[in-house]
Amino acid sequence: MAAPIPRALHPLAWWGWAVGLAVAASMTTNPLLLGLILGVIWFVVVARRTDAPWARAFRLYVILGLVVIGFRVLWHVLVGFKWGTIVILPLPEIALPEWAAGINLLGTVYLEGWLAALLLGLQLATLIIAIGGANALANPKRLLRSLPNALNEVGTAVVVAVSVAPQLAESVQRVLRARLLRGDAERGLRAVPRVALPVLQDTLDRSLLLAAAMESRGYGHRPPAEPGGRARRTSWLTGFLTLSGLLAVAFGMYGVLDPTRSRTPDKAWLPILTVVVGLAAAFAGMAIGGRQVRVTTYRPDPWRLPETVTVLTGVAAAAGMMISRADTPLLLVMPLQPIAAPGLPVAATLGILLAALPAFVTPPPPTGRIR
Amino acid sequence: MTGVAIDLRGVSVRYTGPPGVRPEPVLRDVDLSIEEGELVLVIGRTGSGKSTLLGALNGLVPHFTGGELTGSVRVHGRDTREYRPRDLADLVGVVGQDPLAGFVTDTVEEELAYGMEQLGLAPAVMRRRVEETLDLLGIADLRDAPLVELSGGQQQRVAIGSVMTAHPRVLVLDEPTSALDPTGAEEVLAAITRLVHDLAITVVIAEHRVERVLQYADRIVHVVDGRVESGPPTEQMLTSTIAPPVVELGRWAGWSPLPMSVRDAWRAGAALRHQLEEEALPAEPSSPLRTPERTEPSTLLAATGVTVRHGALVAVQKVDLSLRAGEVSALMGRNGAGKSTLLWALQGSGPVTDGRVRVGDADPRELSPSLRRRRIGLVPQTPGDLLYQSTVGEECAQADHESGSEPGTCRALLDRVVPGIPDEDHPRDLSEGQRLALVLAIQLTADPEVLLLDEPTRGLDYQGKAVLAEVLREVAGHGRAVLLTTHDVEFVAEAADRVLVMAGGEIVADGPTAAVVTASPAFAPQVAKALGHGLLTVADVRHRFGVVEA
């Protein structure tokens with residue numbers, strides 16, 4: 001078999017894959033499973049990332065994950081509820097007044113409670129790193145380009161915000177440096193306007209320049225001779241359908257996820273129906289709105305077999321976890337009372353391992369041409 | 001039949017002022033018609049209304065900027081009253097001064113396609129046009145390069161390409177080469193002339209560096225205080241207050257027609273060159289400005305082995321440099337050669353990896369910022385970064401306070417550099433030249449022994465540059481040392497005693513201006529190219545022949 005031609009995978013495929021892994025991670029505190037998920041993400045990212053600026057940001061997500069774990073543990077020691085039997089850090093408890101009952105300020109730290117906090121931190125860190133993985137593998141700006149036409153304007157706003165953010169950081173740096181030239185080494189609150197004013201003015205100037213450039217390059221161009229009344233009616237309908245649809249989806253999801261739902265099995269279909277109707281309304285709104293915008297896409301990312309496989313492996317990870325949760329729910333949590341070695345549920349493990357497949361089945365990313 | 005591409009009839013533009021005040025119009029009663037396929041150069045002093053005129057061509061004025069436009073602007077029959085800029089995107093391509101600020105996407109190819117996507121062109125058409133444009137502008141090898149990693153000249157060409165993909169009939173460029181080094185500027189101008197000759201596209205360029213564009217122009221539009229005169233270059237240049245050195249040389253020598261390019265001047269100047277050869281006058285020093293001081297000047301700044309690294313990138317590599325009292329030095333070199341980094345390192349506020357800098361008996365890095373600026377001052381590339389007060393008066397008072405000078409020192413300095421800026425003006429409302437003057441005054445308030453300036457000539461018109469040259473001379477005349485970076489060879493020829501050339505983080509040439517700039521065609525000023533014999537400026541020529549006649 002010939003080696004696949006290098007190309008960038010559709011960004012939505014990577015996001016689907018990452019969301020699948022994130023969903024799987026959100027269902028378990030078993031350190032073996034979480035570790036496996038992290039390993040799979042790491043493996044795929046290393047195999048399929050480019051050296052573009054957004055790909056280099058993966059490290060930042062990993063650091064953020066570590067910070068989250070650190071904070072979770074720190075909070076546990078400071079104010080968390082300490083439970084367990086094995087003492088690892090004897091600290092005096094500080095008595096709090098009546099109204100703050102339930103908060104333990106410091107106090108003896110036990111291994112069991114500490115481990116539980118650590119694993120919850122690890123779970124959150126895994127979620128963050130999964131999103132970071134998607135970000136490193138797929139250019140976020142290209143993802144926005146795959147949005148439906150009706151969301152074109154929202155997408156543009158996000159693109160502008162995304163490009164202004166690094167410029168803002170650069171501005172702050174420049175102005176901070178320039179202050180030294182005036183011999184102004186003042187710190188603290190009094191220094192804020194001296195940095196903020198030039199930076200804000202600079203950012204405003206740049207945004208105006210960008211807006212002018214976009215305007216003169218045809219952004220928001222509409223075909224002529226659209227009767228005003230009809231256009232307004234259409235945009236009203238678009239707004240109504242999209243908004244009510246999304247609201248219905250939100251309420252329906254509450255119903256679907258409600259753990260007490262199983263107690264009223266005769267009405268179990270109601271929230272699901274709400275979600276379906278809501279989705280239909282939202283998509284109809286987008287379709288009508290999308291017809292208004294005549295924007296085409298240059299070299300749209302194709303959706304081929306590797307994309308489908310990638311999303312399916314993500315789904316497999318989530319599904320494996322669900323099967324294990326139904327069969328052997330106890331294996332998904334770390335046994336803490338008493339502390340024992342965590343088990344390895346078969347379905348969940350297989351699902352997660354499947355999610356490593358994209359490292360092999362996807363085409364390699366295009367390498368930058370030598371200039 | 002030649003068609004009219006752009007037709008302005010009785011156009012006046014007035015921006016909205018504070019309530020109750022009706023400000024002066026920026027443009028008044030402009031009648032102008034530009035034919036298809038013409039390359040029109042718009043010149044005028046800073047603040048004369050050039051940018052407003054350019055903005056009016058695609059309706060950004062008044063649709064985007066606000067204000068009130070009377071009269072009519074028609075581009076290929078479309079009236080900007082009825083068409084918004086976005087509806088003219090397929091007809092008028094506009095490229096702004098700072099290409100990076102106008103980029104919407106990340107890579108070259110996507111940027112070229114952006115405009116077409118907005119116009120809703122079919123994917124197959126987009127694909128073909130992107131390829132055509134990549135070739136047309138010679139940027140095919142950059143197709144998947146991130147935009148931020150391109151050089152200035154490449155960015156400018158991508159910006160031009162990104163509007164060319166919509167196949168406009170008119171291309172409007174605002175200062176396309178002002179920020180570029182000579183090589184980058186040549187790339188961009190070559191691309192523009194190719195568009196004019198191959199596609200017969202109408203091009204309107206506003207440019208301060210008239211000497212770069214004049215030779216390609218079919219017509220000059222001169223904007224003076226909101227009024228417009230237009231005509232063929234040779235006619236307009238007879239009386240224009242804005243004239244490049246070759247034109248001034250031609251006027252001085254009484255050549256007719258006036259030379260528009262170095263080539264014209266070279267051909268017309270045969271007699272002058274002959275005379276120079278005959279007399280075999282001492283080649284240098286020719287100018288009264290450049291007569292070296294007989295007394296041995298003292299060294300004010302000595303740097304040895306200065307190195308600055310950003311990770312793996314070595315921006316400045318083992319630079320040895322000394323600046324002497326009474327000397328104006330110019331630091332030249334490509335964009336990205338490490339000039340700015342070196343200035344910041346010398347001043348002590350920027351990073352330094354290795355090396356030693358002494359100003360007098362002190363290392364500026366070891367001084368506190370407020371003491372440092374009394375020894376060595378720096379005017380950065382974006383002078384506005386230093387300004388944070390709400391009026392010019394407050395800025396000046398703050399500068400006096402920071403330097404511990406007599407109240408009024410800064411204001412007096414500002415009036416000497418550019419007189420007549422009202423105290424109550426907001427610093428952000430000043431023109432580029434005025435803002436530079438304000439920051440220069442603020443930095444001079446501390447009376448530093450060494451003054452560094454990063455690209456001070458950017459955005460200055462000829463008069464602004466002449467004033468700056470005079471001020472720098474004066475500062476040096478008071479026994480100070482001045483070092484500035486610039487791409488402007490003509491300014492260097494006027495103002496600098498000594499030129500240093502930087503490449504790849506190292507100083508590759510260092511010597512008297514005449515010797516260094518005439519050694520390479522890229523850095524030679526127009527007069528040197530046309531006449532040779534160590535003459536750099538029209539003032540040199542006058543001086544030389546003045547002496548001969550006396």
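In β14(B), B:Asp354 is the bridge partner of B:Thr307; helices and strands here are DSSP runs numbered from the N terminus (H or I over at least four residues for helices, E over at least two for strands). The model is a predicted one, in which local features need pLDDT of at least 70 and side-chain atom pairs count only at pLDDT 80 or more, while totals for chains, interfaces and linings use all residues. Residues are numbered from 1 along each chain as its sequence is written, and chains are lettered from A and ligands numbered from 1 in the order in which they are written.

Strand β11 (residues 299-310) of chain B pairs with β14(B) in the antiparallel sense over 5 bridges, where pairing requires that DSSP find at least two bridges between the strands. The open sheet of 3 strands has the order β12-β11-β14 in chain B, with antiparallel pairing. Because β12 (313-324) and β14 (354-359) of chain B stand at the edges with a single partner strand each, one side of each is left without a neighbour in the sheet. On average, neighbouring strands of this sheet are turned by 15° against each other, direction ignored. Helix α13 (residues 339-347) of chain B packs on the sheet and touches β11, β12 and β14 of chain B, its direction making about 120° with that of β11(B). Contact is taken to mean that C-beta atoms, placed from the backbone, lie within 7 Å, and axes are lines fitted to C-alpha atoms, for helices over the stretch in contact, with angles running from 0 to 180 degrees between N-to-C directions.

## The covered strand β17 of chain B

Strand β17 (residues 481-485) of chain B is mostly covered, with 5 of its 5 residues buried; a residue counts as buried if 20 or more other C-beta atoms lie within 10 Å of its own, as exposed if 12 or fewer do, and as partly exposed in between, with C-beta atoms placed from the backbone. In a regular strand the side chains alternate between the two faces of the sheet. Both faces of β17(B) are covered, by burial of B:Ala481, B:Leu483 and B:Thr485 on one side and of B:Val482 and B:Leu484 on the other.

Strand β13 (residues 328-333) of chain B pairs with β17(B) in the parallel sense over 4 bridges, and B:Leu331 has B:Thr485 as its bridge partner in β17(B). Strand β16 (residues 450-454) of chain B also runs parallel to β17(B), joined to it by 5 bridges, with B:Leu451 opposite B:Val482.

## Chain A: a helix pair

The secondary structure of chain A comprises 13 helices and 4 strands, and buried residues make up 32% of its 371 residues. Helix α1 (residues 11-26) and helix α5 (residues 111-137) of chain A pack at an angle of about 175°, with their axes 9 Å apart. The two helices α1(A) and α5(A) are therefore roughly antiparallel to each other, a description used for angles over 145 degrees, whereas those under 35 count as roughly parallel, 65 to 115 as roughly perpendicular and the rest as oblique. Among the residues making this contact are A:Trp14 and A:Trp15 of α1(A) and A:Leu127 and A:Ile131 of α5(A).

## The contact between the chains

The contact takes 38 residues from chain A and 51 residues from chain B. On the side of chain A that touches chain B, the elements giving two or more residues are α7 (152-181) and α8 (192-216) of chain A, and α8(A) gives the most, with 13 residues.

Conventions: Two residues are in contact if their C-beta atoms, placed from the backbone, lie within 7 Å.
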